[in-house]
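A colleague's note on the structure shown below is set out here. It is intended to be read with the coordinates open.

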Amino acid sequence: MFFTCGPNEAMVVSGFCRSPPVMVAGGRVFVLPCIQQIQRISLNTLTLNVKSEKVYTRHGVPISVTGIAQVKIQGQNKEMLAAACQMFLGKTESEITHIALETLEGHQRAIMAHMTVEEIYKDRQKFSEQVFKVASSDLVNMGISVVSYTLKDIHDDQDYLHSLGKARTAQVQKDARIGEAEAKRDAGIREAKAKQQKLSAQYLNEIEMAKAQRDYELKKAAYDIEVNTRKAESDLAYQLQVAKTKQKIEEQKMQVLVVERAQQINLQEQEIIRRERELEATIKKPAEAERYRLEKLAEAERSQLIMQAEAEAESVRVKGEARAFAIEAKARADAEQVAKKAEAFRQYSDAAMADMLLQRLPEVAEEISRPLSSVQRVTLVSSGDGAVGAAKLTGEVLGILDKLPDTVEKLTGISISQISQKKPGRMS
C-alpha cells in the first residue's frame, strides 16, 4: 500500500526489510501490510511562551522574564529527524511542546542567574542571543531547532526596574534641560546676530531707499514743473477756445431766437386773421340768421296766438251753449224722474221705500265687509265661551248685519221689520 504525507509531516516505516527505519518528510512510501509499520510525526512550528517567575539574578534581585520562542522538528536534516523520531515518535504536539518549553525555561533561568538586572534590562539583544545559543545547542540533540527567540517582558515586584527608570529618567531630563538651555543660548546668540544683521541690512536698505526717494522727488518736481507749465498753457488755450466756441454758440442762438420770433409774429398774424374769419363765420352770420329766425318765429307765434284766442273764444261760446242745453235737458229729465218717483212713492208708500232699502242693503253689507276682505292676517283671542276660528269671524260679521235694520231705522225713521209685516197695496 502507498501512503503519502504533506510537507509539514514525516512518515517513519519500520519492520520487514526496513532496518534502519525509512524516514520520509513530505512524500510517499510503499508499505507492506502486517509485516511493516508506518508512523507519523509532525513538523509544524511550535510557539512557546517561556515564563521564568522570580528568578534571582547575579546580584540577588528577583525578577520575572517572559520570552517567546519558535521551535520545530527539522525534517530536512536526516540526523536531527532520526533523533526526533527516537525521542518523540508516538507523542502528541502538546507533549513535544511541553518538553521543549521546560528545556528552554531551564536555560532561560540559567542565563538570568549569570546576568545582572541592568544587563538584562539594558541589553535585551545580548540576553536573547545567549538564551538562543544555549537552548539551540541542547535542543539540537533532541532533533529540534530553535527558529527564533525574543524577550517579551521584564518585570519585578520590588520596583527595582522602576527605580532604575527614575534615575535614568532624571538623568535624561537633566541632560534634556541642559541641552535645551544650551540650545536656547545658542539660539539666542544666533537670533541676536541675525537681528543685528537684519537691522544693518534694513538700515542700509532704508538709506538706499531714502536716496532713491530723494532722487525720485527731485526728478518728479522738475517733471511736475514742466508738466504744470504745459498743463497751464493747455488749460488757457482750452479756456480761450471754449470762450470762442461759447460766443459762436450764443450768436447762433440769437439768430435762432430772431428767426423764431419772426415766425411767432407771422403765426400770431395768421392766428388773428383766422380768429376774425372764425368769429365772422361762427358769431356774426349765425347771429344775423338767428335774428331773422326769431323775427319770423315771433310773427308766427303772434298769428298763432291770435288764431288760438279766436278758436278758444268760439269754443267757449259753443261749449257754453252746449252746456246750457245739457243742463236744461238734465234738469227737465231730473224733474220728470223726481215727479215719477214722487208719484210712485205716493202709490207704493211704505212698500216702495222698503223695496228700495232692501235693494241697497247688499251694497251696504258689501261696504261694511270690504275692510275685512283686505285683511291678510287675523288673530282671534277667545275668552272661553262661544265659537272659535272661522266660525267666530263669521259670527262677528253676521252680528254686524243683524244690527243693520236698527241703524237704518235710526237714520231714516223707517222700520224694515214693521214694513215687511204689512201687505203692499195694488198699483193702478
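The points below treat the overall content, the cores, one serine, the salt bridges and a surface patch in turn.

1. Overall content. The model is predicted, and its local features should be read with that in mind. The chain holds nine helices and eight strands. Of its 428 residues, 17% count as buried. The accessible surface of the chain comes to about 32,300 Å², and carbon and sulfur atoms account for 56% of that area. Among contacts between residues at least 6 apart in sequence, 64% join residues at least 24 apart.

2. The largest nonpolar core. This core has 37 residues, and V71, I73 and F127 touch the most other members. At least two residues of the core come from each of the following: strand 2 (9-15), strand 6 (46-56), strand 7 (62-73), helix 1 (78-88), helix 2 (93-113), helix 3 (117-122), helix 4 and strand 8 (144-155). Another core, of six residues, lies apart from it, and includes C5, M11, V13 and V24. As general background, nonpolar side chains in soluble globular proteins tend to be buried together.

3. I73 and helix 1. Leaving aside residues up to four places away in sequence, I73 touches I41, S42, L43, L81, A84, F88, I96, G143 and I144. In helix 1, the residues M80, L81, A83, A84, C85 and F88 are buried. Just after helix 1, G90 adopts a positive phi of about 90 degrees.

4. S136. Is S136 buried or exposed? S136 counts as buried because its relative accessibility is 13%, under the 20% limit. This serine is found in helix 4, which spans residues 124-139. Its side chain reaches the backbone oxygen of F132 at 2.5 Å. When residues up to four places away in sequence are not counted, S136 touches V131 and V146.

5. R214 forms one with D215, with the closest N and O atoms 3.5 Å apart; D215 counts as partly exposed at 35% relative accessibility. R230 pairs with E226 in a salt bridge whose closest N and O atoms are 4.0 Å apart. Because R230 and E226 are four residues apart in helix 5 (residues 160-348), about one helical turn separates them. R230 is exposed, with a relative accessible area of 55%, whereas E226 counts as partly exposed at 45%.

6. The network around E271. Which residues do salt bridges with shared partners join into one network? R274 is partly exposed, with a relative accessible area of 41%, and E271 is partly exposed, with 29%. Both R274 and E271 lie in helix 5, three residues apart, about one turn of the helix. Shared partners link E271, R274 and R275 into one network of salt bridges. In general terms, side chains of opposite charge can pair when their charged atoms come close.

7. A nonpolar surface patch. V364, I368 and I400 form a nonpolar patch on the surface, and together they have about 210 Å² of accessible area. I368 is found in helix 6, residues 350-373. With a relative accessible area of 34%, I368 is partly exposed.

Technical notes: Residues are numbered from 1 along each chain as its sequence is written. This is a predicted model: local features need pLDDT of at least 70, side-chain atom pairs count only at pLDDT 80 or more; totals for chains, interfaces and linings use all residues. Side-chain values use heavy atoms; hydrogens and water are left out. Buried means under 20% relative accessible area, exposed over 50%, partly exposed in between (1.4 Å probe, protein chains only). A polar contact is a pair of N or O atoms within 3.5 Å; within protein, one must be able to donate a hydrogen and the other to accept it, and residues adjacent in sequence count only if both atoms are side-chain atoms. Contact means heavy atoms within 4.5 Å. A nonpolar core is a set of buried Ala, Val, Leu, Ile, Met, Phe, Trp, Tyr and Cys residues joined through side-chain atoms within 4.5 Å. Patches are made of residues with over 30% relative accessible area and no salt bridge: like charges are joined within 9 Å, nonpolar side chains (Val, Leu, Ile, Met, Phe, Trp, Tyr) within 5 Å. Accessible areas come from the Shrake-Rupley method with a 1.4 Å probe; for residues, only the protein chains shown count as cover. A salt bridge is a side-chain nitrogen of Lys or Arg within 4 Å of a carboxyl oxygen of Asp or Glu.
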